[in-house]
Amino acid sequence: MTDNATVNGPVAESVKEIDFDTVIVGAGFAGLYMLHKLRSLGQNVHVYDAAGGVGGTWYWNRYPGARCDVPSMEYSYQFDEDLQQEWDWTERYATQGDILKYLEHVAERFDLKRDITFNMRVDGASFDEETCTWSVNTGDGKTVRSRFFIMATGCLSKPHIPDIEGLDSFKGPVIHTGRWPKEPVEIEGKRIAVIGTGSSSIQVAPELAKTAKHLMLLQRTPAYTVPNQNRPLWPDEKDAIKRRYKAFRDDAHKSRAGILYTLGEKSALEVDEEELDREYQKKWEIGGLGFTAAFHDIYDNVEANKTAADFVRKKIRSIVRDPEVVEKLIPTTLIGCKRLCVDAGGYFEMFNRDNVSLVDLREEPIVRVTPNGIVVGERELEVDIIVLGTGFDAFTGALLNVDLHGRTGKSLKQKWEDGPKTYLGHSIAGFPNMFAITGPGSPSALSNFLPSIEQDVNWIGACIKFMQDNNYSCIEASEEAEDEWVKHVQEVADASIYPLENSWYVGTNIPGKPRVFLPYIGYPSYVERCNAVAEDGYKGYSLM
Ligand code: N01
């Protein structure tokens with residue numbers, strides 16, 4: 001690494017061709033706030049996004065029924081008091097459409113779009129050690145150069161399309177939930193197959209079933225889902241939160257997930273059957289992800305976890321009428337170790353409809369897709385539309401989708417062959433001046449994404465300001481710091497029961513992906529550790 005550069009000083013002379021101080025990939029929640037933050041430091045910033053507008057995950061996941069599983073008053077920015085005061089959420093859980101409207105408003109309010117190029121993929125980027133800059137290759141064959149390079153590409157943005165023989169031969173539409181078309185899809189009177197039982201399928205299937213001629217849910221692993229108990233927000237409850245919005249947010253920051261819920265003080269193992277039922281029922285009626293907060297040890301102890309799982313299993317039995325179907329729907333895994341699904345109160349109820357059937361892929365695996373449908377076991381299911389609710393190559397997919405080369409020319413793909421390694425979830429040894437917002441090793445998907453994004457953006461912004469103020473041009477995480485962080489992330493995970501199940505948290509949903517626990521558990525301790533690194537003069541980094 002050369003030592004001839006400073007952000008504001010002589011380096012500007014030596015790098016005449018620099019186009020931007022920073023290039024950001026992605027115009028979702030993370031990219032938009034990062035742009036705003038860096039502008040406030042006087043930087044010339046440009047954002048690229050392959051989508052036709054702002055929104056990131058909320059741009060692409062426009063399937064019917066898409067709704068956030070974090071309450072709207074919390075799933076919103078908090079960096080600007082006026083913004084959070086003026087925006088008016090109407091429902092407890094916001095729809096995809098409402099979230100997109102909110103992000104459009106944010107883009108407008110802070111005049112962000114003038115620095116964003118839409119419909120433009122970033123194909124690759126490489127770091128040049130001589131000039132301490134990034135060369136970024138865009139989909140139009142051009143290369144732009146910047147001092148900093150920030151991947152704000154999201155954690156769940158590369159759709160997983162399963163390798164099913166004949167999928168291309170299907171004569172009707174094959175739609176991944178994460179790429180739902182903007183134009184309306186004709187559902188009425190159609191025979192539809194939905195593959196998967198994750199959060200996406202659980203939301204989309206009941207909506208489609210309302211008008212489809214027939215809906216077949218192709219299930220490989222039965223899922224747990226709890227109702228969100230969504231309702232309009234009452235004006236006085238909104239006002240009460242807005243009057244103390246900062247304190248409300250601060251309270252949320254203290255929880256493991258950065259979301260406001262009341263964590264039970266007792267262990268699920270110290271109470272009798274009656275109290276278990278009473279506490280779970282209370283949480284069930286409140287709705288949402290807080291269900292597993294009924295007792296404090298649901299994610300720490302297998303036996304405690306089983307009590308929550310048993311409660312949901314009882315609920316499924318009480319809702320679904322067909323005894324054969326109900327047995328197939330009963331999950332056998334631990335609850336929540338694969339992200340707990342949250343539905344609009346209609347998933348299990350859907351199986352009581354005459355136009356819905358369940359196909360258990362454990363008994364009848366998918367053999368191939370034909371022009372007319374899907375062969376499972378020994379029969380062909382004739383359908384008009386195939387919906388893939390088959391999830392995402394989470395955490396690493398979007399980062400590895402861009403051909404990134406670091407200081408030594410080594411690619412990120414090579415570096416991460418055995419699993420991702422980061423320092424603090426956002427920095428990578430060998431990739432100076434590059435940050436990945438909510439990357440692997442950060443709380444990201446095991447937290448409310450919003451405060452996690454804001455934490456990373458604020459940290460990165462402060463780091464860049466520190467570099468400006470002290471005439472540094474280059475920052476790089478050391479391999480030792482990175483190794484220690486990776487070890488720490490695994491140790492924290494191993495103290496919980498999360499890694500015991502297969503899911504996208506450990507990468508097992510993608511064939512061939514190394515099994516590594518990907519998120520960091522514990523928003524408050526993440527914030528504390530990141531802030532300590534900054535206060536300690538960016539310990540674990542080399543600055544030049
Ligand atoms: O994906 P998933 P998702 N043949 O990976 C099945 C967030 N999100 O898009 O379990 C047959 O959870 C797979 O089966 P199995 C949220 O964090 C949030 O639903 O591997 N089936 C599984 O059932 C969520 O957790 C919201 O056996 C195949 C399903 O597809 C995350 O996104 C809404 C298969 C994939 O489930 C991902 O959720 C939506 C195959 N070849 C999403 N391959 C909210 O805010 C995969 N499957 C509410």
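Cys341 is buried in this predicted model, at 3% relative accessibility. Cys341 takes part in no disulfide, and the nearest cysteine sulfur, belonging to Cys337, is 13 Å away. The count of disulfides comes to one, and this bond joins Cys132 to Cys474.

**Cysteines**

- The sulfur atoms of Cys132 and Cys474 are 2.1 Å apart in the disulfide.
- The link between Cys132 and Cys474 is right-handed, with 110 degrees about the S-S bond.
- Distant parts of the chain are tied together by this pair, since its two members lie 342 residues apart.
- Cys132 sits in the loop between β4 (122–128) and β5 (133–138), while Cys474 sits in the loop between α15 (449–469) and β19 (475–477).
- Both Cys132 and Cys474 are buried.
- Cys463 is buried, with a relative accessible area of 0%.

**Helix α15 against α2**

- The axes of helix α2 (residues 29–39) and α15 are 10 Å apart and meet at an angle of about 30 degrees.
- This angle makes α2 roughly parallel to α15, because angles under 35 degrees count as such.
- The crossing of α2 past α15 is right-handed.
- On the α2 side, the contact is made by Phe29, Ala30, Tyr33, Met34, Lys37 and Leu38.
- On the α15 side, the partners are Leu450, Ile453, Glu454, Val457, Asn458, Ile460, Gly461 and Ile464.
- Sorted by class, the contact of α2 with α15 comprises 10 nonpolar, two polar and two charged residues.

**Helix α15 against α17**

- α15 also packs with helix α17 (residues 523–535), at an angle of about 0 degrees and with the axes 11 Å apart.
- α15 and α17 are therefore roughly parallel to each other.
- From α15, the residues in this contact are Pro451, Ser452, Gln455, Asp456 and Trp459.
- From α17, they are Tyr523, Tyr526, Val527, Cys530, Asn531, Val533 and Ala534.
- By class, the contact of α15 with α17 holds eight nonpolar, three polar and one charged residues.

**Pro440**

- Pro440 is located in the loop between β18 (434–436) and α15.
- With a relative accessibility of 4%, Pro440 counts as buried.
- Leaving aside neighbours within four places in sequence, Pro440 is in contact with Phe395, Thr396, Leu399, Trp416, Pro420, Thr422, Gly425 and Leu518.
- Pro440 and Asp140 are 300 residues apart along the chain, and their C-alpha atoms are separated by 29 Å.

**His160**

- Where does His160 lie? His160 has its place in the loop between β6 (143–151) and β7 (174–176).
- Is His160 buried or exposed? His160 is buried, with a relative accessible area of 15%, because the class takes in values under 20%.
- Not counting residues up to four places away in sequence, His160 touches His176, Thr390, Gly391, Phe392, Asp393, Asn509, Ile510 and Pro511.

Conventions
Residues numbered from 1 in each chain as written. Predicted model: local features only at pLDDT ≥ 70, side-chain atom pairs only at ≥ 80, totals over all residues. Heavy atoms only, no water. Disulfide = S-S within 2.5 Å. Helix = DSSP H or I, 4+ residues; strand = E, 2+ residues; numbered from the N terminus. Buried < 20%, exposed > 50% of the residue type's maximum accessible area, 1.4 Å probe, protein only. Axes fitted to C-alpha atoms, helices over the stretch in contact; angles between N-to-C directions. Parallel < 35°, antiparallel > 145°, perpendicular 65-115°, else oblique. Left-handed = near helix turned anticlockwise from the far one by under 90°. Contact = heavy atoms within 4.5 Å. Nonpolar A, V, L, I, M, F, W, Y, C, P; charged D, E, K, R; others polar.
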